[in-house]
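Please examine the structure shown here together with its sequence.

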Amino acid sequence: MSNNIVSQTTGEAKPRVRILGISGSSRKGSYNTALLEAAKELAPENVLIETYDISNLPLYNQDLETRMPPQVRELKSKVKQADAILFATPEHNYTITAVMKNAIEWGNRPPNDNSWDNKAGSHHERLVRSAGRS
Ligand SMILES: Cc1cc2nc3c(=O)[nH]c(=O)nc-3n(C[C@H](O)[C@H](O)[C@H](O)COP(=O)(O)O)c2cc1C
């Protein structure tokens, strides 16, 4: 996909900002997932928001790092392609959800391939920030 988008109003070429939305809830009727869907609709024309479903990632296990599971490779590739990550997660037992923490764990690994490096991140739960720190 082109990195530029031509404005429909001004005809000007603007850089496209790619944001990956990640919901920390696997619930079908999740408010957090709905927030990301709303963000997609409300994004300005030069911002592309894509979401990635982390609910089917295997549980993090260091033994699997030598042969990363396909879903993990897909997540890491999506994160790398994005300019910024938009986290939306419920609070479960005073912290981020287990599925969100699991995705953060996988993204961090291996240490020489930390997918979250140099990414702008935004979230509505302050705890994502501390949990994502490696
Ligand atoms: C297992 C569990 C633990 C929860 N722990 C908290 C909590 O510690 N603090 C809080 O404010 N809400 C807590 N909640 C409420 C959820 O954060 C709330 O229902 C949230 O809206 C669910 O998000 P979702 O609609 O995206 O699934 C908990 C809910 C569940 C199911």
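Predicted model: local features only at pLDDT ≥ 70, side-chain atom pairs only at ≥ 80, totals over all residues.

Residues are numbered from 1 along each chain as its sequence is written.

Helices (H or I, at least four residues) and strands (E, at least two) are DSSP runs, numbered from the N terminus. Strand S3 (residues 17-23) pairs with strand S4 (residues 47-52) in the parallel sense, over 6 bridges; strands pair if DSSP finds at least two bridges between them. Arginine 18 has leucine 48 of S4 as its bridge partner. From S3 the chain passes through H1 to S4, in a β-α-β crossover that is right-handed. A crossover has this hand if, with the strands pointing away from the viewer, the path from the first strand over the helix to the second runs clockwise.

Next come two helices. The axes of helix H2 (residues 70-81) and helix H3 (residues 98-108) come within 10 Å and cross at roughly 80 degrees. Axes are lines fitted to C-alpha atoms, for helices over the stretch in contact, and angles run from 0 to 180 degrees between N-to-C directions. H2 is therefore roughly perpendicular to H3, a term for angles of 65 to 115 degrees. Val72, Leu75, Lys76 and Val79 of H2 make the contact with Ala103, Trp106 and Gly107 of H3; contact requires C-beta atoms, placed from the backbone, within 7 Å.

The ligand is surrounded by Ser25, Arg27, Ser30, Tyr31, Asn32, Pro90, Glu91, His92, Asn93 and Tyr94. A residue is near a molecule if its C-beta atom, placed from the backbone, lies within 6 Å of it. Helix H1 (31-42) and strand S6 (91-92) each give two or more residues to this shell.

Most residues other than glycine have a negative phi, and most peptide bonds are trans. Tyrosine 94, in the loop between S6 and strand S7 (95-96), has a positive phi near 70 degrees. The peptide bond from arginine 109 to proline 110 is cis, with omega near -15 degrees. Proline 110 lies in the loop between H3 and strand S8 (120-123).

Conventions:
Parallel < 35°, antiparallel > 145°, perpendicular 65-115°, else oblique. Contact = placed C-beta atoms within 7 Å.
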